[in-house]
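This briefing concerns the structure shown below. Please read the points that follow alongside the sequence and the model.

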Amino acid sequence: MKIIRKELKFYWTMIKPLQTGLLLLTGITGFISSRCSVINFVKLSGLTLSLFLTIAGTTILNMVFDRDIDLKMLRTMRRPIPSGKVKVKEALLMGTIMCLVGLILAFMLSLLYGILIFAGILFDILVYTILLKRKTSWSIFWGGISGAMPILAGRTLGTGSIDTIGIMFALSILLWIPTHIMTFNMLYFNDYKNAGIPTFPSKYGFKNTRMVIALSSIGASIAIGIGITALGLSWGYLRLLAILSAGLLGLAIMSVLKPSEKINFGLFKYASLYMLIAMLLTTIGSVS
């Protein structure tokens with residue numbers, strides 16, 4: 001029993017629970033935003049399970065492919081695979097099974113939903129991790145497509161089709177990801193450099209990276225604002241979102257005008273909090 005608990009603990013860290021939880025929330029938000037006349041709890045449960053399995057499974061598989069990189073970075077060298085706590089074949093099998101079970105469930109719920117989930121896995125593992133991550137700093141934008149899939153897939157499962165609101169929500173996630181990841185790239189600049197991973201800060205410098213972060217923050221705020229407005233949420237929710245967006249934009253602008261490690265770290269933390277609260281506001285506003 002102790003061995004099982006230990007293994008589960010290792011895998012729990014490998015799925016990056018905070019990241020997985022946030023992406024899962026975006027998918028649930030997308031589904032609930034469809035405002036079905038009666039929320040289908042069977043579909044909602046299926047969506048939750050299928051998304052959790054595919055997101056977590058994909059994250060594990062990424063760690064399998066990135067194990068050599070992780071071993072070169074102080075931040076990641078103690079992860080279960082590079083530290084030898086979890087065997088590569090075992091992690092590969094676990095990640096594959098989780099993705100396959102999640103995909104089967106997704107296609108059982110809806111063909112279009114299943115296709116979007118499959119596309120998310122494909123972009124994340126094949127396009128981002130295997131083909132581009134070690135070659136170009138622009139890989140982040142391709143990887144961002146996979147991050148945008150859960151909310152688009154969730155919305156599509158609820159409405160039965162891809163609509164403008166779903167696209168706006170997906171675009172907001174796609175544009176939010178550079179704010180989150182690029183600040184991380186600057187915080188751990190030396191780690192990425194030692195591992196030989198091209199990032200925007202290493203390729204274009206910190207100043208240009210901060211400018212991209214500011215622009216992507218503006219774009220993310222506009223996209224989610226358009227989505228929520230088109231959804232028909234009340235002025236109260238829009239006002240709260242506007243306040244949150246002002247904070248995000250303020251930090252992004254400060255990072256350009258008065259750059260510092262403190263502001264950079266604050267922007268990294270706030271970007272995640274911003275998206276979390278935005279999703280909760282959308283969810284609550286959709287059912288109220």
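Which residue takes a positive phi just after α7? Gly160 does so, with a phi of about 90°. The model is predicted, so local features need pLDDT of at least 70 and side-chain atom pairs count only at pLDDT 80 or more, while totals for chains, interfaces and linings use all residues. Residues are numbered from 1 along each chain as its sequence is written, and side-chain values use heavy atoms, with hydrogens and water left out.

**Terms for helices and accessibility**

- Helices are DSSP runs of H or I with at least four residues, and strands are runs of E with at least two, both numbered from the N terminus.
- A residue is called buried under 20% relative accessible area, exposed over 50% and partly exposed in between, using a 1.4 Å probe and protein chains only.

**Salt bridges**

- Five salt bridges are present in the structure, the term denoting a side-chain nitrogen of Lys or Arg within 4 Å of a carboxyl oxygen of Asp or Glu.
- Asp68 is partly exposed, with a relative accessible area of 34%.
- A network of salt bridges links Asp66, Asp68, Lys133 and Arg134.
- Arg79 and Asp70 form a further salt bridge, with their closest N and O atoms 3.2 Å apart. Both of these residues, Arg79 and Asp70, are buried.

- Helix α7 has 21 residues and reaches 31 Å from its first C-alpha to its last, close to the expected 30 Å. The expected span is 1.5 Å times one less than the number of residues.
- At Met149, α7 bends by about 35°, and Pro150 follows within four residues. The bend is the angle between axes fitted to the seven residues ending at a position and the seven starting there.
- Of the 21 residues of α7, 16 are buried, and the helix is mostly covered.
- Helix α8 (residues 164-187) has 24 residues and should span 34 Å at 1.5 Å a residue; its end C-alpha atoms are 35 Å apart, in agreement with that value.
- In α8, 17 of the 24 residues are buried, so the helix is largely enclosed by the rest of the structure.

**Helix packing**

- α3 and α6 pack at an angle of about 15°, with their axes 10 Å apart. Axes here are lines fitted to C-alpha atoms, for helices over the stretch in contact, and angles run from 0 to 180 degrees between N-to-C directions.
- α3 and α6 are therefore roughly parallel to each other, a label for angles under 35 degrees, with those over 145 counted as roughly antiparallel, 65 to 115 as roughly perpendicular and the rest as oblique.
- The axes of α5 and α6 come within 6 Å and cross at roughly 150°. That angle makes α5 roughly antiparallel to α6.
- α3 passes α6 in a right-handed crossing, and the crossing of α5 and α6 is right-handed as well. A crossing is right-handed if the near helix is turned clockwise from the far one by less than a right angle, and left-handed if anticlockwise.

- Leu51 is placed in helix α3 and is buried at 1% relative accessibility. Its C-alpha atom is 9.1 Å from that of Gly154, although Leu51 and Gly154 are 103 residues apart along the chain.
- Cys99 is placed in helix α5 (residues 88-109) and is buried, with a relative accessible area of 6%. Cys99 and Thr58 are 41 residues apart in sequence, and their C-alpha atoms are 6.6 Å apart in space.

**Backbone at Lys16**

- Lys16 lies in the loop between α1 (2-14) and α2 (17-32). Phi of Lys16 is near 50°, a positive value in a residue other than glycine.
- Lys16 is partly exposed, at 30% relative accessibility.
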